[in-house]
Amino acid sequence: MIELILSFFGNYLIEFMTTIIILALALRWISFTHSKRDEAYFSHFTRELSSTLDEDKTKGIKSDNVEDYLNNILGRVNKKLPDRNLRKDLKERKTKSAAEKKEEGISLKEYVGSKHGMIASIQNETSVFSSKTAPDFGQLTERVMNDDENWSKIFGIIPINGITRILDVLPTMFIVLGVFGTFIGISMALPEIARIDFNNLEASGETLTQFVINVTFAMKTSIAGIFFSIILTLLNTLFPIEGTREGTFEKVENGLQVLWYHLQTDPKKINMDKEIQAMRESIDAILEEIRHSKDVKKAG
């Protein structure tokens, strides 16, 4: 078994590494563009949520029933969000008429993967938003976002976290494979030395040629491994998938935190604080006017 493995890698290691780098680059491009789409979508969500909460703060709108008010806020945000169907069905659905879409309906999988599914996930956490005790917003965000297949999987099938972990490990793996190929090449070259007749080098020409080929293979595998490792390391540094996803996660976490604090804030107290501030400003203005009048009299 070991001899078969060594024989395979001895002949096709560079081709094997080339195949892996091509697949890795394809997966990396798909994962990165997927993450950028998620970043744009969730940024849109957090902007609309913040805008809606600011409108209610300005108007002093608040309901004593947290569940009803939460549904009201999320319903208004949901209307402003773009459609977010499953990627594989998006182009097909665009070509269909409105009547065909209505007749066809929408599957449960499409609903879960759409904007409605994410809103429903937040609504399922009503008990958390109703609680007076601040939750762990990281865990809350993780539950909400992991319910969205577009966030956790590519095409609803491939776990994106698994792909990012593999892509992070591959640069090191290419170095290991390169060294592995070097040792295979050397192990194949050493027996050739024993067959060289140094007293008759002309007759050993074929053996010397094979020895040089094996040593060359050993060097080429290391070069290929280092080269492929550099490519992936540069891409991981310049276009980080995990960094993009962490930034998106933090935006949603901050948005849910602001939503919780808004639901737990008493608008009557806010209005009272505003009235007190207005009274203080009026009193300060009156006192300033009195001081000004006294100064005028003294000057006269």
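This is a working chat about a predicted model of one protein chain.

User: What are the ground rules for the numbers here?
Analyst: The model is predicted, so local features need pLDDT of at least 70 and side-chain atom pairs count only at pLDDT 80 or more, while totals for chains, interfaces and linings use all residues. Residues are numbered from 1 along each chain as its sequence is written, and side-chain values use heavy atoms, with hydrogens and water left out.

User: What does the chain average for pLDDT?
Analyst: The average is 77, and 70% of the residues score at least 70. pLDDT is the predictor's confidence in each residue, from 0 to 100.

User: Where does it stay under 50?
Analyst: Residues 101-108 are one such stretch, and the model gives them nine contacts beyond four places in sequence. A contact means heavy atoms within 4.5 Å. Residues 268-274 are also below 50, with two contacts beyond near neighbours in sequence.

User: How many helices and strands does the chain have?
Analyst: There are 13 helices and two strands. These are DSSP runs numbered from the N terminus: helices are H or I with at least four residues, strands are E with at least two.

User: And how much of the chain is buried?
Analyst: Buried residues make up 34% of the 300 residues. Buried means under 20% relative accessible area, exposed means over 50%, and partly exposed is in between (1.4 Å probe, protein chains only).

User: Which residues have the most contacts inside the largest nonpolar core?
Analyst: F45, I73, F129, L259 and L263 do, in a core of 27 residues. A nonpolar core is a set of buried Ala, Val, Leu, Ile, Met, Phe, Trp, Tyr and Cys residues joined through side-chain atoms within 4.5 Å. The elements giving two or more residues to this core are α1 (2-59), α2, α6 (115-123), α7 (126-130), α8 (137-146) and α12 (241-264).

User: Which of them gives the most?
Analyst: α2 does, with six residues. The buried residues of α2 are V66, Y69, L70, I73, L74, V77 and N78.

User: What does F45 touch?
Analyst: Leaving aside neighbours within four places in sequence, F45 is in contact with V77, L81, M118, I119 and I122. Another core lies apart from this one, with 18 residues, among them I160, L170, F174 and F228.

User: Switching to rings. How many aromatic pairs are there?
Analyst: Rings of Phe, Tyr and Trp (its six-membered ring) pair if their centres lie within 6.5 Å; planes under 30 degrees apart count as stacked, over 60 as edge-to-face and the rest as tilted. By this rule there are eight aromatic pairs. In one of them, the centres of F174 and F228 are 5.5 Å apart and the planes are at 65 degrees, so the pair is edge-to-face.

User: Which helices hold F174 and F228?
Analyst: F174 is in α10 (residues 160-194) and F228 in α11 (residues 205-238), so the pair ties together parts that are 54 residues apart in sequence. Both F174 and F228 are buried.

User: What about S229, buried or exposed?
Analyst: S229 is buried, with a relative accessible area of 9%. S229 is in α11, and it touches P171, F174 and I175, not counting residues up to four places away in sequence.

User: Which residues form an aromatic cluster with W151?
Analyst: Y41 and F42 form one cluster with W151. The charged end of R245 sits over the ring of W151, 4.0 Å from its centre. That call needs NZ of Lys or CZ of Arg within 6 Å of the ring centre and within 35 degrees of the ring normal. R245 is among the buried residues of α12.

User: Last one: where is I154?
Analyst: I154 is in strand β1 (residues 153-154) and is buried, with a relative accessible area of 2%. Leaving aside neighbours within four places in sequence, I154 is in contact with I30, S31, H34, I160 and I163.
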